[in-house]
Amino acid sequence: MKPSLSVCLAALVALSACSSEKPQDPETRDRVQAFKSVLNTFEPLGLMVREKQPFDPIRFAELAAQLKDESRKPFAHFSTTPTGSSKARPEIWSEPARFAKARDTFYQHADQLAAVTAGKPALKLADVSPAYGQLAQSCKSCHDAFRRTVTE
């Protein structure tokens, strides 16, 4: 049985809609997935800090503790040499001490945010905003130095 012209055209349209990006190697895929997990935890914190969602001190503390745990996971997926295609800049590998310092600063601020929130049910937004701001700045600094932009 021969496929009809409409079936062939539909298949071509479906195939052309697929991404033309190169498939990611396992290390890059795992790293991207781990960073997405960090982002999915970080975003609700930011919504509360920016007062786009009501501040819930218990939920904030839970997310801060979760972020502390998740913060280490992406960095386990950076080998000593670049692999595959990713948004990572070559400076990660050519300047490993600088990258390690940025990573450690991120860890420090993730830990600090979790510590500020731990065991404090009467937590106020003003209590967490400075620590959140430092954490957000550490993310931005690392991205500015070590992550390619859309135009690169």
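Guide: Two residues are in contact here when heavy atoms of theirs lie within 4.5 Å, and helices (H or I, at least four residues) are DSSP runs numbered from the N terminus. The model is predicted, so local features need pLDDT of at least 70 and side-chain atom pairs count only at pLDDT 80 or more, while totals for chains, interfaces and linings use all residues. Residues are numbered from 1 along each chain as its sequence is written, and side-chain values use heavy atoms, with hydrogens and water left out.

Visitor: How are α2 and α3 oriented to each other?

Guide: Helix α2 covers residues 26-49 and helix α3 covers residues 57-70, and their axes, which are lines fitted to C-alpha atoms over the stretch in contact, come within 9 Å. These axes cross at roughly 150°, on a scale that runs from 0 to 180 degrees between N-to-C directions. Angles over 145 degrees count as roughly antiparallel, and α2 and α3 are therefore roughly antiparallel.

Visitor: Which residues of α3 meet α2?

Guide: On the α2 side, the residues taking part are Ser37, Val38, Thr41, Phe42, Pro44, Leu45, Met48 and Val49. Their partners in α3 are Arg59, Phe60, Leu63, Ala64, Gln66, Leu67 and Glu70.

Visitor: How many residues of this contact of α2 with α3 are nonpolar?

Guide: Ala, Val, Leu, Ile, Met, Phe, Trp, Tyr, Cys and Pro count as nonpolar, Asp, Glu, Lys and Arg as charged, and the others, Gly among them, as polar. In the contact of α2 with α3, three residues are polar and two are charged, and the number of nonpolar residues is ten.

Visitor: At roughly what angle do the axes of α3 and α5 cross?

Guide: Helix α5 (96-117) has an axis that comes within 8 Å of the axis of α3. The angle at which these two axes cross is roughly 150°.

Visitor: What orientation does that give α3 and α5, and which residues of α5 make the contact?

Guide: The angle makes α3 roughly antiparallel to α5. From α3, the contact draws on Phe60, Ala61, Ala64, Ala65 and Lys68, and from α5 it draws on Ala110, Asp111, Leu113, Ala114 and Thr117.

Visitor: How many charged residues does the contact of α3 with α5 have?

Guide: Sorted by class, this contact of α3 with α5 holds seven nonpolar residues and one polar residue. The number of its charged residues is two.

Visitor: How do α2 and α6 lie to each other?

Guide: The axes of α2 and α6 (125-146) come within 10 Å and cross at roughly 130°. Angles under 35 degrees count as roughly parallel and 65 to 115 as roughly perpendicular, and the rest count as oblique. The two helices α2 and α6 are therefore oblique.

Visitor: How many charged residues are in the contact of α2 with α6?

Guide: The contact is made by Phe42, Leu45, Gly46, Met48 and Val49 of α2 together with Leu125, Ser129, Tyr132, Leu135 and Ala136 of α6. These residues divide into eight nonpolar and two polar, and of charged residues there are none, or no charged.
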